[in-house]
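Colleague: I would like to learn how to read this model feature by feature. Please take me through it.

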Amino acid sequence: MIEVVGLGKRFGDTQVLTGIDAVFRKGRVNQIIGRSGSGKSVFAKCMVGLYKPEEGKVLFEGKSFHDMDADEKRQVRQRIGMLFQGSALFDSLTVLENVIFPLRMFGAMPKSEMEDRARECLKLVRIQEKDDLFPAQISGGMQKRVGIARAIVLEPQYLFCDEPNSGLDPQTAIVIDDLIKELTESLNTTTVVITHDMNSVMETGEHILFIHQGRKWWEGDREALLNTDNKELIEFVFAGSLMRQVKEAMSRRS
Amino acid sequence: MGIIGHIGRYFLLLRETFSRPERAGIFWRRTVEEMDLLGVQSLGIVALLSAFMGAVITIQTKTNIDSPLIQSWVVGFATRQSVILEFSPTVISLILAGKVGSNIAAEIGSMRVKEQIDALDIMGVNSANYLILPKLAATTMINPFLVMISMFLGIFGGWLAGVQSGVISSDDFVMGIQTGFKPFHVTYAIIKTVVFAFIITTVSAYQGYYTRGGTREVGISSTRAVVYSNVVILLANLVLTRVLLL
């Protein structure tokens with residue numbers, strides 16, 4: 001479980017996040033939604049320790065991350081898997097070497113076992129046949145899958161996904177969403193997904209947090225999201241024509 | 001950020017860099033790879049420059065001291081001193097700052113803008129140590145060899161050009177390079193080379209590591225890496241010469 005208490009982040013004179021409280025439980029897909037520039041990626045980067053917040057705390061299983069010493073932080077980070085918006089695969093390593101990388105750095109197993117484990121993860125994300133190619137030789141969707149395989153290879157307790165569907169066609173986006181949901185259930189991870197893709201929210205979002213102007217504006221589940229009367233959230237959620245049609249269909253039914 | 005801020009952040013980066021590597025095996029393997037990339041692959045340009053510069057130094061020295069009062073072996077002496085004391089350690093390091101420094105800044109800068117450094121940090125890998133220390137170990141170990149090869153080829157180029165063009169006899173040139181030879185001058189050149197290798201690697205890595213933005217900013221970081229490395233090398237050259245030779 002990850003708890004966020006009164007999180008605030010500033011860049012110079014610009015206050016990006018203000019007083020955010022949230023609890024992300026394990027075994028479910030927690031989604032952080034909001035417009036571009038609302039502060040959701042900064043929020044995620046504060047949670048994983050890439051940014052140090054000026055106010056508040058991020059607690060991993062009750063322990064404040066930013067109060068930990070370097071070794072404790074490293075231990076927590078080894079339990080975090082992260083899928084980046086641009087996949088962040090290492091260009092000069094093959095697909096298999098990218099997935100093996102965390103095992104080489106922190107695993108204590110023979111090379112053959114590392115390869116078996118990496119291939120197992122690639123199989124899980126259904127991309128095992130591309131293991132000897134370089135990231136530049138595979139598509140964006142495949143890169144995301146390799147990114148997921150690398151994120152889960154050490155069996156993380158916490159899985160962070162930053163805009164997992166950006167730049168993907170709708171079909172591939174659904175595959176990625178399904179993968180994240182499956183892995184959350186099978187590995188029982190605390191999964192946090194940063195997105196502004198409403199299809200993804202409706203597909204996998206079990207606990208949804210809406211960030212607006214750097215503040216937590218709304219929190220709830222999919223059902224509550226569709227019935228919300230929060231003006232800013234309605235503007236965000238029903239901006240697309242598909243979601244407007246869903247809303248109209250719901251009104252007609254009721 | 002002001003210059004004091006940059007200096008402070010540079011030393012904080014060095015502190016991160018000089019921690020114990022996560023895996024010694026991976027560190028040494030990466031160091032050998034970097035020795036090849038940053039050192040061995042610079043051998044061609046170093047050899048070419050050294051031979052030609054040695055040749056030019058010999059011919060220019062002869063044309064400038066063409067006097068019956070000065071013995072002809074002085075040409076060999078001047079070539080040796082120029083090559084060992086200044087050309088090989090300093091000029092070659094300035095050239096390596098252009099080749100190796102831009103390579104380091106561009107590689108690390110690209111990794112930064114593609115979030116690969118963030119990925120390393122989130123995995124719990126000390127990214128500064130993992131990326132910079134092998135490069136630093138490689139350049140500080142391999143550059144002295146490059147400079148020694150440069151010294152040899154510079155003097156050899158001078159001999160060849162001098163003898164072939166008829167400006168000096170082989171015996172006079174050899175006598176010149178043997179006259180008043182102080183082994184400490186080679187030590188001094190090696191000390192300078194190691195310090196310059198440290199400067200090239202760390203200044204360039206600093207520029208790459210703190211790149212923000214996209215490909216344009218990676219280009220800017222590479223340019224800055226070369227310019228700042230050169231400036232710091234020139235300052236360090238003056239300080240080291242003052243401390244070691246006077």
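**Reading the model**

Modeller: Start with a strand pair. A:Leu209 has A:Glu219 as its bridge partner in strand 10 of chain A. Strands are DSSP runs of E of at least two residues, helices are runs of H or I of at least four, and both are numbered from the N terminus. The model is predicted: local features need pLDDT of at least 70, side-chain atom pairs count only at pLDDT 80 or more, and totals for chains, interfaces and linings use all residues. Residues are numbered from 1 along each chain as its sequence is written, and chains are lettered from A and ligands numbered from 1 in the order in which they are written.

Colleague: How many bridges join strand 9 of chain A to strand 10 of chain A?

Modeller: Two strands pair if DSSP finds at least two bridges between them. Here there are five, and the strands run antiparallel. Their hairpin has two residues between the strands, and A:Gln213 takes a positive phi near 50°.

Colleague: Which residues is A:Glu206 in contact with, leaving aside neighbours within four places in sequence?

Modeller: Contact means C-beta atoms, placed from the backbone, within 7 Å. For A:Glu206 the partners are A:Arg28, A:Val29 and A:Asp221. The C-alpha atoms of A:Glu206 and A:Asn30 are separated by 6.0 Å, yet the two are 176 residues apart along the chain.

Colleague: What is the secondary structure of chain B?

Modeller: Nine helices and zero strands. Buried residues make up 45% of its 246 residues.

Colleague: How do helix 4 and helix 6 of chain B pack?

Modeller: Two packed helices are described by the angle between their axes and the distance between the axes. Axes are lines fitted to C-alpha atoms, for helices over the stretch in contact, and angles run from 0 to 180 degrees between N-to-C directions. Helix 4 (residues 73-113) and helix 6 (residues 127-165) of chain B pack at about 145°, with axes 8 Å apart.

Colleague: How many residues does the contact take from chain B and from chain A?

Modeller: The contact takes 13 residues from chain B and 15 residues from chain A. Helix 5 (residues 116-123) of chain B gives the largest share of chain B's side, six residues.

How values were computed
Contact = placed C-beta atoms within 7 Å. Buried ≥ 20, exposed ≤ 12 C-beta atoms within 10 Å, placed from the backbone.
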